[in-house]
Amino acid sequence: MPKRDKNGLTEQEFLSSYSREGYPGPSLTADVVLLADMQDDLQLLLIKRGGHPCIGQWALPGGFAEERESIEQTAQRELLEETGVKDAPIIPVGLFSKPGRDKRGWVVSQCFVSRLGTKPEARAGDDARQAEWFGVSLTDNTVILTGSSCVIKLGYAYSGGQIAVSALSDEELAFDHGEMLVRALICIHKIPI
């Protein structure tokens, strides 16, 4: 005997009349903090965005989920498409959903961290104009990213479970990728809380 809801409908009957109208959904993306952690040398792979929004800014590799893939598959696909890195182990860092985080509209991103013992060659692809490894230095609530042509400095404060990240240099990371990076560094115990 099929189960019926308070309106007397079976699941099949309910689903046949169900409408998503009135329940707008966000777009879903995945972003990856890819670190090469070799003894005392920590490096972060960034891509330079080739399109709008944030054209020309450094960003974490990532992009939009496709309908028939898991968010983990999205992360792996985007990492391969944008940097040429394949099958990196990924660990979830958190979900980023602050309203206005992306100028294109309601976009929610699942951030992952990957920690490699080697530094694979970075190749820009897809919508990435450039891919480059940046040295990572951590000092008194500051993350310093040193690339071949620029230095990106991020200040951070952690209080009551909230992280505030601010740009301390003219160069800054796109979207809320600075916060994603800081949270990933906390996740892998590079930044104590």
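Biologist: How many disulfides does the count come to?
Modeller: The count comes to zero disulfides, where a disulfide is a pair of cysteine sulfur atoms within 2.5 Å. This is a predicted model, in which local features need pLDDT of at least 70 and side-chain atom pairs count only at pLDDT 80 or more, while totals for chains, interfaces and linings use all residues. Residues are numbered from 1 along each chain as its sequence is written, and side-chain values use heavy atoms, with hydrogens and water left out.

Biologist: Is C150 buried or exposed?
Modeller: C150 is buried, at a relative accessible area of 10%. Buried means under 20% relative accessible area, exposed means over 50%, and partly exposed is in between, using a 1.4 Å probe and protein chains only. C187 has 33% and is partly exposed.

Biologist: New topic. What does the chain consist of?
Modeller: The chain has three helices and 10 strands. These are DSSP runs, numbered from the N terminus: helices are H or I with at least four residues, strands are E with at least two. From the N terminus on, the order is α-β-β-β-β-α-β-β-β-β-β-β-α.

Biologist: How much of the chain counts as buried?
Modeller: Of its 193 residues, 42% count as buried. The C-alpha trace spans about 65 × 40 × 30 Å along its principal axes.

Biologist: Where is L28 found?
Modeller: L28 is in strand β1, which covers residues 27-38. L28 is partly exposed, with a relative accessible area of 37%.

Biologist: Which residues does L28 touch?
Modeller: Leaving out residues up to four places away in sequence, L28 touches G63, F64, A65, I71 and V108. A contact means heavy atoms within 4.5 Å.

Biologist: What about contacts in the chain as a whole?
Modeller: Among contacts with a separation of 6 or more, 57% are between residues 24 or more positions apart.

Biologist: Last one. Where does Y18 lie?
Modeller: Y18 lies in the loop between α1 (11-17) and β1. Y18 is partly exposed, with a relative accessible area of 42%.
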